[in-house]
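Subject: Structure handover

Hello,

Please open it first, then read the notes below.

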Amino acid sequence: MTPRRPPRPEPEHLHNEATATGDHSIAAGNIRNVVIRWALQHPSARWLPLLLACAALVVTGTAWPDGPASQYVLWGALVAVALGTAAARVLVQRPRDARIVATLSLVSVLATVGAWLAFRDVATHGEIDATGKITSKAPDLVDGAPLTLTLRVSPGEARDALRLTLAIDDHDPTAPTCRPVSSVALTSPPYGGAATPAAIHDGGTFDLPVDPQARTVRIDLTLHTDHGCRMDVTTTEATLHNA
């Protein structure tokens, strides 16, 4: 009868590798547990979501671009959620369930990140009010008179379209009005295509394509009115946007 052979011992390097891997996993788990325990229980940790939300709000305020408030609705809603949940996290000092603290912190941090991304999207692609940066008035113009509007654009305001609203009013308010028969038309085609429309009356709006790389936008116009009428042309609104 052949005697049974004793089991072959495992290679030493395999045994060490498994032990090393297990030790690393245990160490990583312990570190994770310590961090989670600190974030949920340490008195200072409850302030972190609020500090993060306030810091993002301050940075946003320093880089706030002009434009209609409606495009910041999503940003405002996310900021409200971030600050509200962060404030609740500060007030909840000894929760009965640790999941409440974890949920408040997570929601606040995610809302802060979302608000920042929403703000950056508006700052890069949203509308910018340029009314105060464009020639505001061309007074005492007669039929066929040319006028030129100039807009300076900074690199951070680069857009590919300009929405321009003009007022055409009588130069002499005591004279019979010429507003119904007065209009302003583009003298030359704008950059990249035709404007919409090609001519406007008082209170009308041009939508002009512009070169996003240009730092100066020049708009050449011509006034059309009846003989003997004298008109003032004023910029009432100018908005840079992406078409």
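What pattern does the protein chain follow, read along the sequence? The answer is α-α-α-α-β-β-β-β-β-β-β-β-β. That comes to four helices and nine strands. Please keep in mind that this is a predicted model. The protein chain has 243 residues, and 32% of them count as buried.

**Helix packing**

Start with H2 and H3. Their axes come within 8 Å and cross at roughly 150°. Angles over 145 degrees count as roughly antiparallel, so H2 and H3 are roughly antiparallel to each other. The crossing of H2 past H3 is left-handed.

Next, take H3 and H4. Helix H3 covers residues 73-91, and its axis comes within 8 Å of that of H4. Here the crossing angle is roughly 155°. By the cut-off of 145 degrees, H3 and H4 are therefore roughly antiparallel to each other. H3 passes H4 in a left-handed crossing.

**Surface patch**

Which residues form a nonpolar patch on the surface? They are Leu52, Val59, Val109, Val113, Trp116 and Leu117. Together they have about 480 Å² of accessible area. Two helices each supply at least two residues of this patch: H2, at 48-62, and H4, at 98-125. H4 gives the most, with four residues.

Look at Trp116 in particular. This patch member lies in helix H4. Is Trp116 buried, exposed or partly exposed? Its relative accessible area is 33%. Buried means under 20% and exposed means over 50%, so Trp116 falls in between and is partly exposed.

**A loop among the strands**

Where is His171 found? His171 sits in the loop between strands E4 and E5. Strand E4 spans 161-170, and strand E5 spans 183-186. The relative accessibility of His171 is 36%. That value lies between the 20% and 50% limits, so His171 counts as partly exposed.

How far apart are His171 and Val142 in space, C-alpha to C-alpha? The distance is 9.9 Å. In sequence, His171 and Val142 are 29 residues apart.

**To recap**

H2 and H3 are roughly antiparallel, and so are H3 and H4. H2 and H4 both contribute to the nonpolar patch.

Best wishes

Key
Residues are numbered from 1 along each chain as its sequence is written. This is a predicted model: local features need pLDDT of at least 70, side-chain atom pairs count only at pLDDT 80 or more; totals for chains, interfaces and linings use all residues. Side-chain values use heavy atoms; hydrogens and water are left out. Patches are made of residues with over 30% relative accessible area and no salt bridge: like charges are joined within 9 Å, nonpolar side chains (Val, Leu, Ile, Met, Phe, Trp, Tyr) within 5 Å. Accessible areas come from the Shrake-Rupley method with a 1.4 Å probe; for residues, only the protein chains shown count as cover. A salt bridge is a side-chain nitrogen of Lys or Arg within 4 Å of a carboxyl oxygen of Asp or Glu. Buried means under 20% relative accessible area, exposed over 50%, partly exposed in between (1.4 Å probe, protein chains only). Axes are lines fitted to C-alpha atoms, for helices over the stretch in contact, and angles run from 0 to 180 degrees between N-to-C directions. Angles under 35 degrees count as roughly parallel, over 145 as roughly antiparallel, 65 to 115 as roughly perpendicular and the rest as oblique. A crossing is left-handed if the near helix is turned anticlockwise from the far one by less than a right angle, and right-handed if clockwise.
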